[in-house]
Amino acid sequence: MKYKILNILKENDNYLSGEEIGNILGISRAAVWKNITRLKEMGYEIDSVSNKGYKLFDNADVLNENEINYDNLIYKAELDSTNEECKRQANAGCCSGLFVVCDQQTAGKGRLGRSWVAEKSSGLYMSMLLKPDIMPVEAPQMTLVAGIAIRRIINRLTGLNVEIKWPNDIIINGKKLVGILTEMSAEMEKVNYIVVGIGINVNMAGFEGELKEKAASLYIETGRKFKRSDIINEFLSEFKLCYDEFCKNGFESFVNEYNEYCANVNKAVKTVGGKEEISGIAKGVNSRGELLILSNDELVPVFAGEVSLRLSDDRYI
Ligand code: ATP
Ligand code: BTN
């Protein structure tokens with residue numbers, strides 16, 4: 001009932017009395033008042049004026065299922081990790097397109113066993129379950145496609161010229177704003193499912209410890225607070241476009257755009273964590289999403305799966 005009242009208030013710019021709302025929904029004024037109180041407790045800014053009624057100021061950053069325009073959705077106030085929840089749902093038989101979001105993530109994961117620091121109600125923690133008809137070796141391309149969608153929407157919503165650090169970070173001024181973690185369940189030649197998890201630093205005012213130097217948030221960069229639901233809804237429509245294109249024409253369609261916004265291009269880089277260290281000048285990705293590094297006059301393709309990229313002098317970017 002509270003969301004029905006909320007949606008009526010969202011559709012009205014003027015004050016609506018308890019009686020008017022009650023008549024629309026067939027409930028008493030007291031019941032309207034009770035639900036309005038609950039909405040206020042959730043963080044919605046609702047002005048109540050006697051003899052006039054209620055009016056919503058729809059700019060509070062309140063996250064819940066009602067704010068997300070998507071049917072195949074799991075929203076939880078708290079989860080260990082949206083990727084883990086997505087995998088649990090996939091193993092229980094959930095279908096492609098399931099989207100999991102939470103307000104607080106208590107055991108967020110980064111790549112290569114690292115952890116993702118999640119501040120309650122300030123960041124975005126979300127994962128999408130996908131079952132594309134691709135080979136397991138192509139799965140890391142999903143990270144790059146998600147990166148393209150995220151770069152587009154951040155640029156559109158904030159005006160920031162964010163860049164992509166191959167393979168899985170979105171950065172601004174050399175600091176990390178977004179991390180993407182793609183996980184997969186597969187057999188030799190068949191993908192069972194892929195989970196693409198995305199963490200975005202949205203309204204954090206600052207960071208602690210090592211992240212002070214390394215991390216950025218949209219708020220720090222723009223001085224503006226954002227409604228996380230606006231970012232989610234924008235992401236869902238952009239990612240659908242990108243995913244459909246990927247399923248139809250593969251990663252090839254994205255190569256030019258990826259390279260245009262890839263922060264590593266023409267930088268002296270080295271790989272860390274792979275079988276052998278490759279160093280040279282990054283030249284952009286190929287149609288398989290591998291990073292081409294010009295090393296000893298040879299273009300060496302680097303597979304995203306198991307490596308991190310650093311500048312030759314060990315800096316992050
Ligand atoms: P690469 O992405 O090139 O492998 P990386 O250092 O960014 O290098 P990842 O494993 O991708 O490593 O990302 C995890 C790292 O992200 C952590 O080691 C931590 O330094 C950083 N990190 C964790 N939480 C956040 C956050 N909320 N914002 C920005 N960075 C974070
Ligand atoms: C990285 O930079 O290494 C990737 C970080 C990915 C973090 C997101 S937050 C939502 C999803 N759930 C997780 O546990 N991790 C990803």
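1. V269 faces G280 in β11. Strands (E, at least two residues) and helices (H or I, at least four) are DSSP runs numbered from the N terminus.

2. Before going on: this is a predicted model, with local features needing pLDDT of at least 70 and side-chain atom pairs pLDDT 80 or more, while totals for chains, interfaces and linings use all residues. Residues count from 1 along each chain as written, chains are lettered from A and ligands numbered from 1 in written order, and side-chain values use heavy atoms, without hydrogens or water.

3. The β10–β11 hairpin has six residues between its strands, and G273 in the turn shows a positive phi of about 95 degrees. β10 also runs antiparallel to β14, joined by four bridges; there V272 partners S308.

4. S308 turns up again at ligand 1: together with R111, R114, K165 and K214, S308 comes nearest among the 18 residues around the ligand (a heavy atom within 4 Å counts as near). β14 gives three residues, the largest share of that shell.

5. For polar contacts (N or O pairs within 3.5 Å), ligand 1 oxygens lie 2.6 Å from the K165 side chain's N or O, 2.8 Å from that of N168 and 3.2 Å from that of E210.

Conventions. A polar contact is a pair of N or O atoms within 3.5 Å; within protein, one must be able to donate a hydrogen and the other to accept it, and residues adjacent in sequence count only if both atoms are side-chain atoms. Two strands pair if DSSP finds at least two bridges between them.
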